[in-house]
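Here are my comments on the model you sent. Please read them with the structure open beside you.

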Amino acid sequence: MSSQASSSRAQPRTYNALRPLNISHGVLPLSHSTGSTSFSLGHSQSSLASVQGPIEVRIRDELTDQATLQCTAIPLRGQQGVAANSFAVGTLQKALSSVVLLHRYPRSLIQVTVQTTDEAKASTPLGWDRAQSSAGRKSIRPRRPHPDASWTMAERATSVNAAGLALIQAGISCSATICAVSVAVVPRKVARLTRKGKGRATAASGAMDEDGSDSEDGNEAAQIILVDPDTFEEEQAASVHLFAFAMAGQVVSCDDGQLKGEPEARLILVESEGGKVDSRLVSSAAATSKRGALQPLIISRIASSPSLQYLEAIRRARSAAVGKIHPAIRQSFDEQLLGSGKQGDADGDVVM
Amino acid sequence: MVILLPGDVVQFPTASSSSASSSLPAIRLGPGLLWPSEEAKAAASSSSSASQPRFVLATQAGLLGSVDEKGKGKASSEGNAKQQGWWIEGRTQRYSPSPRDPIIGQVTARNADFYTLTLHTSPHQITLPVLAFEGATKRHRPNLKIGATVYGLVASDVAGAGMEAEMTCVDQSTGKGEGMGELDGPSTAAVGATGTPSVSGLISVSLPLARSLLRPSHPLLPLLAQHFPFESAVGANGFVWMRVDRKEHLVAAKAILEEADRLGSTGVVGEEEEGKVGKEGKALSARWGAGLGEKQVRDIVRRVVKGDA
C-alpha cells in the first residue's frame, strides 16, 4: 500500500484501489482507555476509536444476559448533531453488535467512542470546470459544510474500521473482524479526472485490481464504480455506499503455523445514499454475499442496469476488504505484538 | 509466528501429521478460543484417534500458545500434535478473576461478614470473607481499613461470568496464610530489614508481564535482588507490590519493570519474556553499546539511585 500516492494530482490511483492504509494500536494510554486504534485512509481521512470495557454499568442500562454496547461518534468539526448520533446509534451499533460476543460479558458496559481526526475538504482536480459540471445537476451532498450533513461514506468506513479494531485491541471477544469499505458511483468524466483509467492499465480484465469499464469511450454519461472515494468524488457521485463485512473463516493450520486460504467476507451492513436503490437489491445483496456466488460481470453493460451495478459495487468492496484491509489489519497486530523489527523468536518455547 | 485475528479458524494437528502415535489428546481451550459447536466440543474433549481435523474459532487477536499435559509448551511446528491446552496470548489489560490466581486488591468497603475489594483492572468488585485469614476466628478478626492493600488468591470455587468472585487470604487446604493478607502501605508504619522506615508501593505492569513474573523461573526479580534487598508480591491482575529501604530503589524497580514491559512486547509468548534478559540485552546492546541484560539492569539502577533525571 505504501507505493500508492495520496494526492490525486500527483499520481492517480486505479478505480479499485484504496488509499494507503495506516493502522496504529494503543494510541491512547491505558489509563484512559482499554483499547484504542487509529485508522486512516490516505492522509486525509482518519478516525480514532477508543473502547472502555467491560466496565460497571448503570442499573437502568444493565442487561442480565449480555453486555450493554454504547457507541458514540464525534465529528471533526462542530458538536455531535443528528448526523453523528444517527451514525453512532444506527450504523456503528448495528455493525459492532453483530460481531462482538456480547453474551460473554453479562451485566457490564462496553463503551465505544469514535472521533474523526482528519477529514480533507474536497480538492478540485485539474481540468474540472465547476461551472459547466454543476449546470443542471443536483449533488447528493450539500456543497457547503452543513451542520446536519450526513457523514461521508469514507468517514463512516474509517470510523467503523477504527471501532472494530479498538474492540479487538481491548481484548473483547469477537466472532469476526470487521472491514468496512466505501464505494461511490460517479459519472465517467469524474473518474477520468481523478483516477487512472484502463488506457494505462493492462488489458487483462479478469483481475480485481484492473477495471474494464472504459471499453466504451464514447459514453460519457456511463457510470463508474470507485472504491474508497475521496471527498471530491463523493460530492460528484450519483450514489455512495458503505459496505461492512465480517471477515472470518481463514484457516490457520497448526501443522505448519501458516495461514491457508482466504477469509470469508459476510456482508453485515449496507448503507446507501442517492441513486436508485430499492430494498430488493439490498436483500439480494445480503443473500448473495457468499464468496464466489457472483460471477465476474461484463462491466461495459453495467451502466444501464442499476442492480447489476450495485452487486458489482459490493463485489469490488469485498475484494478490497479481503485483499487489502484484512491483511493490513493482521500486519498491524503483528507489528504490535512482535515488534516491527520482527524481534519475536519463532523458536521460543512456551513454558507454563 | 502467525498472529490470529477474531474469526480465524484454528485447525488442530491431525493424526496424519503427527509422527509417532495414532491417538490425539483431548483438547482444552483457554482464553480467546471457542468450540464452534457442542458436538465439536464433546468430540474433542475426549481422546480420539479420528483423523478428522478439529477446528476452533479464535475470538481475540494474538499469538497462539499451547502446552502439553505436563505443562510444557512448544512453539515450533513439530510436536504440536501432543499439545493439549491451547489459548490466545494477546495484550489485553482487562483482568478476569480465575481460580487460584494470586491477586492484589484494595479495600473499598467493609461490612460485618466480608470486605469488598477492587482489582483496578477488572470491571467487577471482589469480596473477601472476614474469616478467610490465617488464625481468624469470630472473636479475633483482622481489621482492614478502607484503602488497604491486600494480597490473596482468587477462591477456587469461583462461579461463572455473571457472579461476583470471591478471594481468600488463606490457603484453603492447609489453613496457612503463606504471606497473604494485608500488605504494608503508606498507612502502616513498616520497618524494613535494616531497621529504618521502609518504602513500599504498587507498580502497575501489563497482564502478560505479571503472569510471566509469577513463574518461579523468571530471571528478572533475582537480577534485581543483586542490586538491593526488597520484598515483593506479584498479582496476576497486573500489579507488583514492593517494599524497599530507599525510595530510589522503588523508582528503579518501576523503571526496570517498565522497560521489561516495553521489550516484552516483542514477544508476548512466555518464553520470550523469560529469556528476554538475554534477548533484550542483545537487542539493547545494539543501541547502547556492548553488554548483557545484567549490565542493563545495573545501569538503570545506577541512573536512578545516583539521582539522574
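This is a predicted model: local features need pLDDT of at least 70, side-chain atom pairs count only at pLDDT 80 or more; totals for chains, interfaces and linings use all residues.

1. Local features are discussed only where pLDDT is at least 70, and side-chain atom pairs only at pLDDT 80 or more.

2. Chain A overall. The chain has 7 helices and 11 strands. Of its 352 residues, 51% are buried. Take the contacts between residues at least 6 apart in sequence: 75% of them join residues at least 24 apart.

3. Thr116(A). This residue sits in strand β5 of chain A, residues 109-119. Is Thr116(A) buried or exposed? Thr116(A) counts as buried, because its relative accessibility is 0%, and the cut-off for buried is under 20%. Its side chain makes a polar contact of 2.9 Å with the side chain of Glu155(A). Beyond neighbours within four places in sequence, Thr116(A) is in contact with Gln45(A), Ser46(A) and Ser47(A), among others. The list also takes in Ile74(A), Pro75(A) and Leu76(A). Trp151(A), Glu155(A) and Ser159(A) complete it.

4. Salt bridges, count and network. The rule gives 13 salt bridges over all chains. Side chains of opposite charge can pair when their charged atoms come close. In chain A, Arg13(A), Arg19(A) and Asp228(A) are linked in a network of salt bridges.

5. Arg156(A) and Glu273(A). Their side chains meet in a salt bridge, 2.9 Å from N to O. This pair links distant parts of the chain, 117 residues apart. Arg156(A) belongs to helix α3, residues 153-169 of chain A. Glu273(A) belongs to strand β11, residues 264-274 of chain A. Both Arg156(A) and Glu273(A) are buried.

6. Arg316(A) and Glu312(A). Here the closest N and O atoms of the salt bridge are 2.8 Å apart. Why are the two separated by about one helical turn? They are 4 residues apart in helix α7, residues 306-338 of chain A, so about one helical turn separates them. Arg316(A) counts as buried at 5% relative accessibility. Glu312(A) is buried too, with a relative accessible area of 0%.

7. Asp61(A) and Arg58(A). These two form a salt bridge, with the closest N and O atoms 3.1 Å apart. Asp61(A) counts as partly exposed, because its relative accessibility is 22% and buried requires under 20%.

8. Domains of chain B. The chain is divided into domain 1 (3-89), domain 2 (102-183) and domain 3 (199-305). Between domain 2 and domain 3 of chain B, 9 residues of the one are in contact with 9 residues of the other. The two domains bury about 800 Å² between them. Of that buried area, 73% is on carbon and sulfur atoms. On the domain 2 side, Pro102(B), Ile104(B) and Leu183(B) lose the most area to domain 3. Together they account for 54% of what that side buries.

9. Pairing across the same interface of chain B. How many salt bridges cross from domain 2 to domain 3 of chain B? The rule finds 0. It does find 4 residue pairs in polar contact. On the domain 2 side, the elements giving two or more residues are β7 (102-110) and β10 (149-154) of chain B. β7(B) gives the most, with 3 residues.

Note on methods: Residues are numbered from 1 along each chain as its sequence is written. Chains are lettered from A and ligands numbered from 1 in the order in which they are written. Side-chain values use heavy atoms; hydrogens and water are left out. Buried means under 20% relative accessible area, exposed over 50%, partly exposed in between (1.4 Å probe, protein chains only). Contact means heavy atoms within 4.5 Å. Domain bounds come from an automatic or database domain assignment. Buried area is the accessible area (1.4 Å probe) that two parts lose on being put together, summed over both. A salt bridge is a side-chain nitrogen of Lys or Arg within 4 Å of a carboxyl oxygen of Asp or Glu. A polar contact is a pair of N or O atoms within 3.5 Å; within protein, one must be able to donate a hydrogen and the other to accept it, and residues adjacent in sequence count only if both atoms are side-chain atoms.
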